[in-house]
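Please look at the sequence and the structure below before reading on. Some questions and answers follow.

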Amino acid sequence: MILRALVRAVLLLVGVSVMVFAATEALPGDAAEARTAGRATAAQLAEMRAATGLDAAVWRRYLEWAAGLLRGDAGVSLISGRPVADVIGQRLPATAALAGAALLVTVPLMLAWAWPAGAGSPAGRLVAAVVTATAAVPQVVVAAALTAVFAGMLAWFPPISLLPADGRPPGLSVLALPTLSLALPAAAYGAMLLRGLVADIVARPYVRDARRRGLPGWRIAAVYVGPFLVAPALRVLAVVAGGLIAATAVVEVMFGYAGLGELLVGAVANRDVPVVQAGAMLAAVAVVLGMLAADLVTVRTDPRRAMT
Amino acid sequence: MSIVTGGRLGFVTFAGTVLGLALFGSLLAPHDPTAPLGAPWSPSGGGNLLGTDALGRDVLSRVLAGGRHLTLTAGAAALVAAAIGIAGGLLAGWHDGPLSRLLHTAADLLLAAPLLLIALVFAVTLPGAVAVIAATVCGGAPLTLRIVGDAVRQVRHAGFVDAALGRGESGPRILGREILPAVAALAGSEIGARFVVALQLAAALSLFGLGPAPPAPDWSAMIRENVSGAALSPAALIAPAIALAVLSLTVAVVGNAAARHARRPL
């Protein structure tokens, strides 16, 4: 079971790497043309391709690229000429801080919303409607609403989240708006996915029976519903975390937060292929690891196993 | 009963108005949406109902004109993804076998794939709008295919299909004339669901500067342009956000209504 999850994760990453490579290498021009910006002659281009290995067959270039990634060598940025690993490493802490803070807010919020929305009381239906709407609107809408209220009307936080120039970790006021803009839609999406599961479990006979026996709500939640929710909630959390990692790009661009997502968006606009490839693979690894972790924890915490 | 029908008629009118304004609102714009008229981020008044934006342009005119690209992109993406998914679902539901099991697994995996990342990778080589369509097809078509395939499998043994088979009608004819109408509401709800997701992608790419080139107005780009003026002119920031929210929620509600209709027993 554990082995199967591992094999699946590795196969998935190989598939993603093929797709990323194919999608980014299908350029009309190639890296040699991009780097010389049309100022080189055909002979110079050919020489450059031979020197950088661009004239090799596609599958050979893919293997070399993949082998490089495994060694931690992601090539050189076409724009700045610096090693991609350095460029990404420099931006990684800021995005890790943002994504980590957002996940810390997302998890409790997701559970707090999924519970009433799944239980189906009148208040729960209102929560469900708000959750569905928050998950449906584009993320910029949530970010704009939060900015207008907290930066515009209340002036609690700055509307632009500039990182400290001396490399110190960002403070709470800088992180607040980006974190909430990431966490609210992510938690709403997760609660939407979890809502049906909660409704299913709450409707089970032993839960109704516990209700009739007059057990307090928290006890029903902790003993009769919670254990059956752990595994699906973890899978939902993995999906939500994957979306959240991708969504850091939106929030970082919106608030001018110099993280990995902003770097990736700039690299896409400049066709800096090695940076896009490495950034996309890094995000894919994070998503697949999240799914793998959810799979492994599911195996360990299966309530059916705990009962026997 | 008449109240319900009246409410439905009212909502259809509302949804049509929202779509019409998103697509053709520029015809109603009181000013040139790209011409600077006054000081940046001035409050409402003096002919500018919602004030001016970061470059002193009329916010109302830009909101009226700024939905077209997003709506067209998301609409095209939704239609293409849903068409591929529905066609595939009709086939997969009609012929049981290893193919439909494979498609189930693929749809499960794609549910976890961050579509925004796929769209970004596509945007390296493709124009922004095409990248949105490609990502919506990659991520959305398999989901539609699975949902429609399941529905087709359920109606495949219904009486009216048996009757058509008994009349000696061909498989494609039965799929088109008997089964497609039976799953039409479901197909409608799938188009709505794909539109909502495609609009999220299109809005993100416009925010990244991969949408229409400035100074063309675009709701998502307007939000970014005016975020630093949040304190001076909240309207410049909030108006395009409300427009985006109304469009996406309207389509979501229409899609949900179609889904509820689809769940009713035949």
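**Two chains in a predicted model**

The contact between the chains takes 44 residues from chain A and 36 residues from chain B; two residues are in contact if their C-beta atoms, placed from the backbone, lie within 7 Å. This is a predicted model, in which local features need pLDDT of at least 70, side-chain atom pairs count only at pLDDT 80 or more, and totals for chains, interfaces and linings use all residues. Residues are numbered from 1 along each chain as its sequence is written, while chains are lettered from A and ligands numbered from 1 in the order in which they are written.

Q: Which helix of chain B gives the largest share of the side that touches chain A?
A: Helices 4, 5, 9, 10 and 11 of chain B are the elements that give two or more residues to this side. Helices (H or I, at least four residues) and strands (E, at least two) are DSSP runs, numbered from the N terminus. The largest share is nine residues, and it comes from helix 11.

Q: How many residues on the side of chain B that touches chain A are nonpolar?
A: Ala, Val, Leu, Ile, Met, Phe, Trp, Tyr, Cys and Pro count as nonpolar, Asp, Glu, Lys and Arg as charged, and the others, Gly among them, as polar. On this side of chain B, one residue is charged and six are polar, and the number of nonpolar residues is 29.

Q: How many helices does chain A have, and how many does chain B have?
A: Chain B has zero strands and eleven helices. Chain A also has zero strands, and its number of helices is 13.

Q: What percentage of the residues in chain B is buried?
A: A residue is buried if 20 or more other C-beta atoms lie within 10 Å of its own, exposed if 12 or fewer, and partly exposed in between, with C-beta atoms placed from the backbone. In chain A, 42% of the 308 residues count as buried. For chain B, with 266 residues, the value is 50%.

Q: How many residues of helix 9 of chain A are buried?
A: This helix covers residues 205–212 and is hardly covered. Just after helix 9, Gly214(A) takes a positive phi of about 80°. Among the eight residues of helix 9, the count of buried residues is zero.

Q: Is Val299(A) buried or exposed?
A: Val299(A) lies in helix 12 of chain A, residues 273–301. Leaving out residues up to four places away in sequence, Val299(A) touches Met1(A) and Ile2(A). Because it has 12 C-beta neighbours inside 10 Å, Val299(A) counts as exposed.

Q: Is Trp41(B) buried or exposed?
A: Trp41(B) sits in the loop between helix 1 and helix 2 of chain B. Its phi is near 55°, a positive value in a residue other than glycine. Since 23 C-beta neighbours lie inside 10 Å, Trp41(B) counts as buried.

Q: Which peptide bond is cis?
A: Most residues other than glycine have a negative phi, and most peptide bonds are trans. Pro215(B) lies in the loop between helix 9 and helix 10 of chain B. With omega near 10°, the cis bond runs from Pro214(B) to Pro215(B).

Q: What is the mean pLDDT of chain B?
A: pLDDT is the predictor's confidence in each residue, from 0 to 100. In chain B, 96% of the residues reach 70 or more, and the mean is 86.
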